Amino acid sequence: MSIVVRFSPTALTREQYDESLRRLEAAGVWPPDGLDYHVCFGSDGSLLVSEIWDSREQLDAFGERLMPILGDIGIGFDRDPEIFEVHEVIRR
């Protein structure tokens, strides 16, 4: 079952976000298996991220690679991500 994940990083800047993608790509783990959609939005200094994943297991497996990179860049979280089961996805 697909899931929606909403991340609320603490004071995420565009520079930090862009650096995280550079490092993930350099590590050969971006885009990860199971990631259907990734959206970063909001204003600089308070960016948010929402994603749709094929499964919780794939999200968790990627998280093991992701979290050390985010920690190294200084991206933190005040709370765990919100995770919801997808009822339906409609694409144009």
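Visitor: Which residues are linked in a network of salt bridges?

Guide: Side chains of opposite charge can pair when their charged atoms come close. In this predicted model, Glu19, Arg22, Arg23 and Asp72 are linked in such a network, and a search of the whole structure finds six salt bridges.

Visitor: What is the N to O distance between the side chains of Glu19 and Arg23, and where do the two residues lie?

Guide: The side chains of Glu19 and Arg23 meet in a salt bridge at 2.8 Å, N to O, and both residues lie in helix H1, which spans residues 14-26, where they are four residues apart, or about one turn of the helix.

Visitor: Which residue forms a salt bridge with Asp72, and how many residues apart are the two?

Guide: Arg23 forms a salt bridge with Asp72, with their closest N and O atoms 2.3 Å apart. This pair links distant parts of the chain, since Asp72 belongs to helix H2 (residues 56-73) and Arg23 to helix H1, 49 residues apart.

Visitor: Where do Asp60 and Arg56 lie, and how far apart are their closest N and O atoms?

Guide: Asp60 and Arg56 both lie in helix H2, four residues apart, which is about one turn of the helix, and they form a salt bridge whose closest N and O atoms are 3.1 Å apart. Asp60 is partly exposed at 39% relative accessibility, and Arg56 is partly exposed with a relative accessible area of 40%.

How values were computed
Residues numbered from 1 in each chain as written. Predicted model: local features only at pLDDT ≥ 70, side-chain atom pairs only at ≥ 80, totals over all residues. Heavy atoms only, no water. Salt bridge = Lys/Arg side-chain N within 4 Å of Asp/Glu carboxyl O. Buried < 20%, exposed > 50% of the residue type's maximum accessible area, 1.4 Å probe, protein only.
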